[in-house]
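Work through the exercises below with the sequence and the model in view. Each task is followed by a solution that goes step by step.

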Amino acid sequence: MLDKVDELLSGPLVVINVGLRGFAESMEEQELEVIQVDWKPPAGGDQEMIDLLEDLL
Amino acid sequence: MVSGFVVRPNEYYDSVFLMGINKRLAETEGVLQTAVLMGSENNKRLLADIGIVGDKIDAAKPNDLIVGVVAESDGIIEAVIGSLEYYLTVQEVSVATEQYRSMDEALGVREDANLAVLSIPGEYIFLEAQRALEAGLHTFIFSSNVSVDEELALKLFAAERNLLVMGPDCGTSILGGKGIGFANAVRQGTIGAIGPSGTGLQEFTTLVHHAGGGISHAIGTGSRDLSNEIGGITTLMALDALEDDSETEVIAIISKPPDKRVLEELFPRIEACTKSVVGCFLGIEGLSEKLPEGLHLARTIDEAVDLTTTLTSGQIADPKYTGEDTASKLADEIKEALSPGQRFIRGLFAGGTFCYQSQQILRDAGLETYSNAPIDRTHKLEHFDESRGHTLIDMGDEEYTVGRPHPMIDSTIRARRILSEGQAPNVAVLLLDVVLGHNASADPVGDLLESILKAKRARRDQGEELVVVASICGTEDDPQDLDLQREQLEKAGVIVFDSNGKATHFCSEVIMSASGGSDVG
């Protein structure tokens, strides 16, 4: 049985791209399946709130 | 000269998208400088540096967009800020990809997703990477500025689940022929590669391609993976995976020297590996450890390519594009054209590995070099903007990239530095790298050409020649036109090589010969 890293190498890749849209576009050009997450800083970029969220999750 | 700004709350865009907007706004007549940035603390400092300050900027948060303008009149500032909406909308429309608001939402749509590619500010990586790993996804983390503790925690968490964390600070991977991040379009084949540096892997994979070989997979590990703190977790997992992979015949590791404790673990693992391993540990000096059986050491990336292509069955090195003929024709003229005061090489690199490898090659040739990212700590420049002797600058290093995209995308700073270094009276040779491939600039040579021509012209006006040498890391299948890129350089009188190693050897020959072989550092 293939382990998870072997599976990744044997493909196919299904990618969730979080951040730079150019990365998603270049992967689509190579005929990869890509889902783009339109990321924004959580909690409006408030570091204290992010730390709180991280503790809660 | 006047300045103004606008803050648009809760409008988040990535740095490459904003660079496009910035370029368009800066083209307006009468504009002296523009800054289109998110409201992080670092970016606020950059705005203050160009005199743009205000209470609204102080209060801005990282997901608030700030646009600052320095211009000749208030009217121009108003016009620029007024056109912002239009440019933001035009650029948005060009993105066709379906978009979701969060990782969880995306995972709900595609339960079969197996890789998360993350390129968000480093301080937010831990949360998103952890979510991806919990959902069983491997991760490719392009972002830097992730703490060592967070990296270690993510890699240990992933290793328990047999998941690969490529990164943080991972520029390149090629998995089954598909390039992730900054990668070149290379032939598929039987050579596997592992490395912490994006440009190191790009150089290796393109040179394998030029030599007629092909790549099974190239696995980026992140710049700190081979440190004692991280312990080579990703490198060792990648080695296991490539050993198991039926397509891979030979494995190459391209990196700076691993830390001692990692080496102690890596060497026995290489010895136990059933496939040949080529190790190119740039900058390595005097190994005290016994070399494991099955490890073939290469001094440069070019040598690593020669070794792997020779070790791989059925592949014969057949370089299609070298540029050496042009170089040898010009070499003699060049030596004659230099004036006695022209003694130094200045290297300006987009790729960190190129900067590092060039220092090693020049050091081996007996030349003393200085750098902002030195191969030897005693040769660190006091200030990264002030060169001395033979200086090689990694323009992708932190001091140049805070708040702006990498020089492989945005060459503004490098173009400026080409102009100033090229005109310095004691400079003989400028050494550059040009990196093609997915996500690199659409016209990397075009971005630098005006500065190169201006610098050469200025020297000619003084009766001197400026030698400009460049290596191109790219293939004929890359989105940029390799031949056109090379032609543009050659037309400008630049001597072009297909590898950083060859380009650097050529520079050292020119300098050694011009100085009669003495160390001119």
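**Exercise 1: a strand pair across two chains**

Task: find the strand of chain B that pairs with strand β1 (residues 14-19) of chain A, and state the sense of the pairing.

Solution: Strand β1 (residues 14-19) of chain A and β5(B) pair in the parallel sense over five bridges, where two strands pair if DSSP finds at least two bridges between them, and where strands (E, at least two residues) and helices (H or I, at least four) are DSSP runs numbered from the N terminus. To place the pairing residue by residue, look at A:Gly19, which stands opposite B:Ser119 in β5(B). The model is a predicted one, in which local features need pLDDT of at least 70 and side-chain atom pairs count only at pLDDT 80 or more, while totals for chains, interfaces and linings use all residues. Residues are numbered from 1 along each chain as its sequence is written, chains are lettered from A and ligands numbered from 1 in the order in which they are written, and side-chain values use heavy atoms, with hydrogens and water left out.

**Exercise 2: the interface**

Task: describe the contact between chain B and chain A by its residues, its area and its polar links.

Solution: Begin with the residues in contact (heavy atoms within 4.5 Å), of which chain B gives 61 and chain A gives 41. The buried area, meaning the accessible area (1.4 Å probe) that two parts lose on being put together, summed over both, is about 4700 Å², and carbon and sulfur atoms give 62% of this area.

Next come the salt bridges, each a side-chain nitrogen of Lys or Arg within 4 Å of a carboxyl oxygen of Asp or Glu. The rule finds two of them across the interface, and A:Arg21 forms a salt bridge with B:Asp14, with the closest N and O atoms 4.0 Å apart. Among the elements that give two or more residues to the side of chain B that touches chain A are α1 (15-26), β5 (115-119) and α9 (233-244) of chain B, and β5(B) gives the most, with five residues.

**Exercise 3: strands within chain B**

Task: trace the partners of strand β8 (residues 172-175) of chain B and say which way its side chains point.

Solution: In a regular strand the side chains alternate between the two faces of the sheet. Here B:Thr172 and B:Ile174 point one way from β8(B), B:Ser173 and B:Leu175 point the other way, and all are buried, that is, under 20% relative accessible area, with exposed meaning over 50% and partly exposed in between (1.4 Å probe, protein chains only).

One partner is β9(B), which runs antiparallel to β8(B) and is joined to it by four bridges, with B:Thr172 opposite B:Gly181. In the hairpin of these strands, which has two residues between them, B:Gly176 takes a positive phi near 55 degrees. Another partner is β11(B), joined to β8(B) by two bridges in the antiparallel sense, with B:Ile174 opposite B:Ala218.

Finally, follow β11(B) onward: six of its six residues are buried, and five bridges join it in parallel to strand β10 (residues 188-195) of chain B, where B:Gly195 stands opposite B:Gly220.

Note on methods:
A polar contact is a pair of N or O atoms within 3.5 Å; within protein, one must be able to donate a hydrogen and the other to accept it, and residues adjacent in sequence count only if both atoms are side-chain atoms.
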